[in-house]
Amino acid sequence: MTPAWNCATCGAEWPCPTRRSRLLEEYRGKPATLCVYLASCLAAASEDLRGAPVLALQHRFTGWLPRQSRRF
């Protein structure tokens, strides 16, 4: 729920652990698409939550994503 960016179900900060799990399931095999989606949510949330520390928002929205090794 915006502008507070809390989960509509449990009230925790979005994305809550349940929503994180569901997002990983929904975007299985499409990690770049999930990252783009969450980055767009981060951008919107940074407008709504102007007083929040930037690094805290970054960790909240994208910092929990599993890291994949890069192949060059």
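**Fold and chain**

I counted 3 helices and 0 strands in the protein chain. Both are DSSP runs numbered from the N terminus, with helices being H or I of at least four residues and strands being E of at least two. From the N terminus on, I read the order of elements as α-α-α.

I noted that this is a predicted model, where local features need pLDDT of at least 70, side-chain atom pairs count only at pLDDT 80 or more, and totals for chains, interfaces and linings use all residues. Residues are numbered from 1 along each chain as its sequence is written, and side-chain values use heavy atoms, with hydrogens and water left out.

I looked up the extent next. The C-alpha trace spans about 40 × 25 × 15 Å along its principal axes.

Then I checked contacts (heavy atoms within 4.5 Å). Of those with a separation of 6 or more, 51% join residues 24 or more positions apart.

**Surface and burial**

The chain exposes about 5400 Å², and carbon and sulfur atoms supply 55% of that area. The areas come from the Shrake-Rupley method with a 1.4 Å probe; for residues, only the protein chains shown count as cover.

Of the 72 residues, 26% are buried. Buried means under 20% relative accessible area, exposed over 50%, and partly exposed in between (1.4 Å probe, protein chains only).

**Cysteines**

How many disulfides does the structure hold? I found 0, taking a disulfide as a pair of cysteine sulfur atoms within 2.5 Å. C16 is in none; its nearest cysteine sulfur, in C7, is 3.8 Å away. C16 is buried, at 3% relative accessible area.

**Largest pocket**

I noted the largest pocket at about 400 Å³. A pocket here is an open set of points on a 1 Å grid over the protein atoms alone, where a 1.4 Å probe fits, with protein on both sides within 12 Å along at least five of seven lines; lining residues have an atom within 4 Å of a point. The volume is the space filled by probe spheres set on the points, which are joined across faces, edges and corners.

The lining has 14 residues, and P31, L65, P66, R67 and Q68 are the closest to the centre. α2 (31–48) and α3 (54–63) each supply at least two lining residues. α2 gives the largest share, 3 residues.
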